[in-house]
Amino acid sequence: MPIDLPLIWAAIVGLAVAMYVILDGFDLGIGVLLGLTERASERDQMVNSIAPLWDGNETWLVLGGGALWVAFPGAYSVIMPAFYVPVIAMLLALVFRGVAFEFRGLAVAGKSFWDFALIGGSALAALCQGAILGGLIQGIRIENGAYAGGAFDWATPFAALCALGVLAGYTLLGAAWLVLKTDGAVAARARGQAKMLLLVVLAFMAAVSVWTPLAFERIAERWFATPNIFYLWPVPLATALTAFACWRALDRGHEVTPFLAAIALFLLGYLGLVISVFPYLVPPDLTIWQASATPATQEFMLVGTLALLPIILGYLVFVYWIFRGKVREGDSYH
Amino acid sequence: MEFDPVLIARLQFAFTVTFHIIFPTFTIGLSAYIATLLVMGMVTGRERYQRLAQFWTRIFAVSFAMGVVSGVVLAYQFGTNWSRFSVVAGNVIGPLIGYETLTAFFLEATFLGVMLFGWGRVPAALQLFSAIMVAVGTVISTFWIIAANSWMQTPDGHQIVDGIAVPLDWWAIIFNPSFPYRFAHMLNAAYLTAAFVVLAVGARYILAERHPDQARTMMRMAIWLLAILAPLQILLGDLHGLNTLKHQPIKIAAIEAHWDTSGPGNFHVFAWPDEEAELNRFAISIPQGASLILTHRLNGQFLGLKEVPPQDRPSVKTAFFAFRIMLAIGLFMVTAALVGAWLMWRGVLFETRWYLRIVANSWWIGFVAVIAGWLVTESGRQPWLVHRILRTADAVSPVTAASVAISLALFVVIYGIVFTAGIYYINRLITRGPQGRAVEPSAGVPTRPLSAAHDAGREALASGG
C-alpha cells in the first residue's frame, strides 16, 4: 500500500496548529489578562513569565502557515484571500503586541501605551484567529480553484461566537499558566479568573457543539449517523470529565494540573472540530487530497520535517526547562 | 476612485518587505558581532568585551523583535495578496520557506530566549553557545530565503505542468544559477551594515569623550572588518552583475539604461532615462565603461532594452537610479574603510576628528545600500514575478483593490509608529552607552534583557536627568 502523503501532511499541519494554539494561546491569554491587572509590578511579573518564550511560541504560527502552503497550496491560496481581513488584522495585532514586549521595558513615559498595545494586540489576534476558525467551519466559496466570495463572507454570528470562544479559551490557558508559573497576588487572582473562564469556555464549547450540527447537515451526519455515534460519544464525555478535573484542581490549590487540564480541554475541542470537518481542508468542497502539493514537494519536505521536528521539540523542552520555576513579583529589576 | 489592484498589491509588498529587510540586515551582522565579542571576552578575560556584548545585545533584542513581527507578516502575504503565485510557485518555493522555519526560526527563537534572559541563570559557556546559535540561525535563514528569491530570478530544476512549476531536482532548485552570488552579496551586505553602525557608534562616543575603552574597541574591530569586507563586496557585486548579465540581460540593460545592443556600452554616471522616447537625456557618461565592466572588453557588446517589447521591460528609472545609489555607497564604504585603516595604522585614528565626524554620521548608509540593492534586483525582475514563468500582473489574489488599499494604509500607519518608537528607543540605548554593570545580578529567575536600561531610565528620572 502506497504511503498516503496528504494524510501525513494533514497530521503535521494539524500538529503545528495545535502546538501554536496551545503555546501562543497561553501567552496571548496573558496579554489579555494584563488588561485586568492594574499594578505595574504585577504586570511585569506576568510578562516576565512569558518573555523568553513568546517568540518561540509564535514561530509555530509561521510553521503552521508555511506547512499549509507547502503541503496544500490549493488550500492556502483559497483560505488566505477568503480571510483577508481577519488575517491582516491578526498580523497587525501581532506586530503591535510583539514589539510591545520589548518597548514596554524601554519606555518611561510611554509604558502604558505599550501595555495597551500588548493587551489590545493579544485580544485582537485571538479574536481574529477565532473568526478564521469559525469561517473555515462554515465553508468557503470556491470557483475554478480560487476564492470566489467577498471580503466579509466570513463575518457571521457563528464566526463571532467562535471568535469570542477562542478569546475565552486563550485567556483560560493564560490564567492556568499564571497559576503554574507565578505566586503571590498574581497567582491567587489567576486561580479565581481561571474558574470563571472555565465556565465561560464550557458554555462556548457547548454552544458550538449545538450550533454546528443544527446549521451544517454534513456535521450532524458525521456525529449522529450510525455507526459513528457509537465511536464518538466518548469525546463529549471526556471533555466534561476534563473540565471537571480542571475545576477540582483549581479548587484544591493544585498548580500543574489546571494548566494540563486546560490544554487537554483545548485538544478535545480541536479533536471535535477535526471530526466535524475531516477529510475536508476547506469545507465544503476541498479535501486534503484535492488541495495537495505535488508528491515530490510533499516528499522533500517530509524528510526534513520528520528529521527536524524531534529537534524542535527538543528545543522546546530545553528552553522551558532553562526557565523553569516560579517568576516572582519584583524579580530581577528593583 | 479606482485603484489598480496589482499596483496596490505591489506597493503593499514593497512597503512591508522594505520595512522588514532593515532589521534582519542589522541583526544578521549584529548577532555575529555579539558572538565575536563574547568569544573575545572569554579568551582575553577583559571586561570591556563582556560589557560591549551586553550593550549590543539590548539593541539586538529590540531590532530582532521588529524583524520577527514584520517577517511573520510576509509569510502570510504570499497567500493573502499573491495567491496565484502561491499556487504556481508554491510546490517549488514553499519547501524552501518551510525549511527556513524548521532549520532557522526555531533555532533562533529558542537560543534568543537564552541569550537575552539567561544572564546569571545559565553558565557562561551556554550563554556563549546560545549567542553563536543565534548568529548561525540568521545565516541559515538567509540561505533559505535567498534560495527562494534567487529561484524567482533564475528558476531552475523544475518543469511546468498545466501552468504550475513542479519540482524535478531540488539541488538545482536551491543552488540555482544566481543563488551563490546573491547569498554571498547579501550576507556580506549584512555584515557591512552592522559594522558601519558599530563604527559610527564608536566614533560618536570618541567625539563625545565617553566610554573611551569600549569605543576604541568598537572602532578597531569595525575598521578591520570593513577593510576586508568592503572591497570584497565590490568584487562580489561585480560577479553578481556578470551572472545577471548571463541570466537576466534585460535587468542589466535597465541598470545601465542601455537601449541599443549595437550602441556603445557607455557607463552613465548620470542620466535621465526617457522610457517613452527610448533614450537617455542629460547623460554624463564614461565611454565604453559599461562594456568594460560587463564584458571586460572596451568594445564588448551587451543586450539593449530595445531587444524586447516595452511591456517586457522593467522600470528603467528605478533600476538605473537605485543601482547608482548602491554603487555610490559601496564606493564610499571602501574609501571610509581604507582611510580608517590607514589612520589606524598611523596611530591617529582617534584624534582625526573630521574622519570621526563623517563616520559617526554614516550609520545609516548600509541600510540604504541594501534597500537600493533589493530595489534594483526586484524591480529589475519585472514584469515577471517568477522570471519567464509568472507575470506579476497574473499573480494577485482575487481580493478587492479596496481591501488591499485599506490594509496598505494600516501597514503604513502601524509600521510608522513601530519604526519611530524602535529607532527612538535604540537611539536612547546608544546615548546611554555600555556603562552598565558587566554582569547582571544573578537573580536566578527570568530576567529581562533590557532591565539594566530600564533601571538607568528610572535612575535618570529620579535624579532629574
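Two residues are in contact if their C-beta atoms, placed from the backbone, lie within 7 Å. All views below show a predicted model.

**Figure 1. Overall architecture of chain B.** Among contacts in chain B between residues at least 6 apart in sequence, 74% join residues at least 24 apart. The chain contains 15 helices and six strands. Its radius of gyration is 24 Å, close to the 23 Å that the globule rule gives for 465 residues, so chain B is as compact as a globular protein of that length. Along the principal axes, the C-alpha trace of chain B spans about 65 × 50 × 45 Å. Of the 465 residues of chain B, 55% count as buried.

**Figure 2. The two domains of chain B and the contact between them.** The domain assignment divides chain B into domain 1 (15–176 + 399–465) and domain 2 (208–395). Taken over C-alpha atoms, the centres of these domains are separated by 25 Å. The contact involves 21 residues of domain 1 of chain B and 21 residues of domain 2 of chain B. On the side of domain 1 that touches domain 2, two or more residues are given by each of helix 1 (5–44), helix 2 (47–80), helix 3 (83–88) and helix 5 of chain B. Helix 1 of chain B gives the most to this side, with four residues. By residue class, the side of domain 1 that touches domain 2 divides into twelve nonpolar, six polar and three charged residues.

**Figure 3. The largest nonpolar core and the surroundings of Leu199(B).** The largest nonpolar core has 271 residues, and those with the most contacts inside it are Ala195(B), Leu199(B) and Leu226(B). Domain 1 and domain 2 of chain B both give residues to this core, so it lies between them. Neighbours within four places in sequence aside, Leu199(B) is in contact with Met219(B), Ala222(B), Ile223(B), Leu226(B) and Val359(B). In soluble globular proteins, nonpolar side chains tend to be buried together.

Figure 4. Thr142(B) is located in helix 5 (residues 124–153) of chain B. Because 20 other C-beta atoms lie within 10 Å, Thr142(B) is buried. When neighbours within four places in sequence are left aside, Thr142(B) is in contact with Ile28(B), Phe183(B), Met186(B) and Leu187(B). Thr142(B) and Leu187(B) are 45 residues apart along the chain, yet 7.3 Å separates their C-alpha atoms.

**Figure 5. The interface between chain A and chain B.** The contact takes 63 residues from chain A and 66 residues from chain B. On the side of chain A that touches chain B, the elements giving two or more residues are helix 3 (54–71), helix 4 (73–82), helix 5 (84–106), strand 2 (146–147) and helix 13 (295–322) of chain A. Helix 5 of chain A supplies the largest share of this side, 16 residues. The residues on the side of chain A that touches chain B divide into 43 nonpolar, 15 polar and five charged.

**Figure 6. Helix 4 of chain A.** Ten of the ten residues of helix 4 of chain A are buried, so this helix is largely enclosed by the rest of the structure. Among the buried residues of helix 4 are Pro73(A), Tyr76(A), Ile79(A), Met80(A) and Pro81(A).

**Figure 7. A hairpin in chain B.** Strand 1 (residues 158–161) and strand 2 (residues 164–167) of chain B run antiparallel and are joined by four bridges. Gln159(B) stands opposite Val166(B) in strand 2 of chain B. These strands form a hairpin with two residues between them, and Asp162(B) in the turn has a positive phi of about 50 degrees.

Figure 8. Most residues other than glycine have a negative phi, and most peptide bonds are trans. In chain A, a cis peptide bond with omega of about 5 degrees joins Thr226(A) and Pro227(A). Pro227(A) lies in the loop between helix 9 (217–224) and helix 10 (228–232) of chain A. A cis peptide bond also joins Pro283(A) and Pro284(A), where omega is about 5 degrees. Pro284(A) lies in the loop between strand 3 (280–282) and strand 4 (286–287) of chain A. In chain B, Glu278(B) is not a glycine but has a positive phi of about 55 degrees. Glu278(B) occupies the loop between strand 3 (267–274) and strand 4 (279–286) of chain B. With 15 other C-beta atoms within 10 Å, Glu278(B) is partly exposed. Phe282(B), in strand 4 of chain B, has a positive phi near 55 degrees. Phe282(B) is exposed, with 9 other C-beta atoms within 10 Å.

How values were computed:
Residues numbered from 1 in each chain as written. Chains lettered and ligands numbered in written order. Predicted model: local features only at pLDDT ≥ 70, side-chain atom pairs only at ≥ 80, totals over all residues. Buried ≥ 20, exposed ≤ 12 C-beta atoms within 10 Å, placed from the backbone. Nonpolar A, V, L, I, M, F, W, Y, C, P; charged D, E, K, R; others polar. Pairing = 2+ DSSP bridges. Core = buried A, V, L, I, M, F, W, Y, C linked by C-beta atoms within 7 Å. Domains from an automatic or database assignment. Rg over C-alpha atoms; globule rule 2.2 N^0.38 Å.
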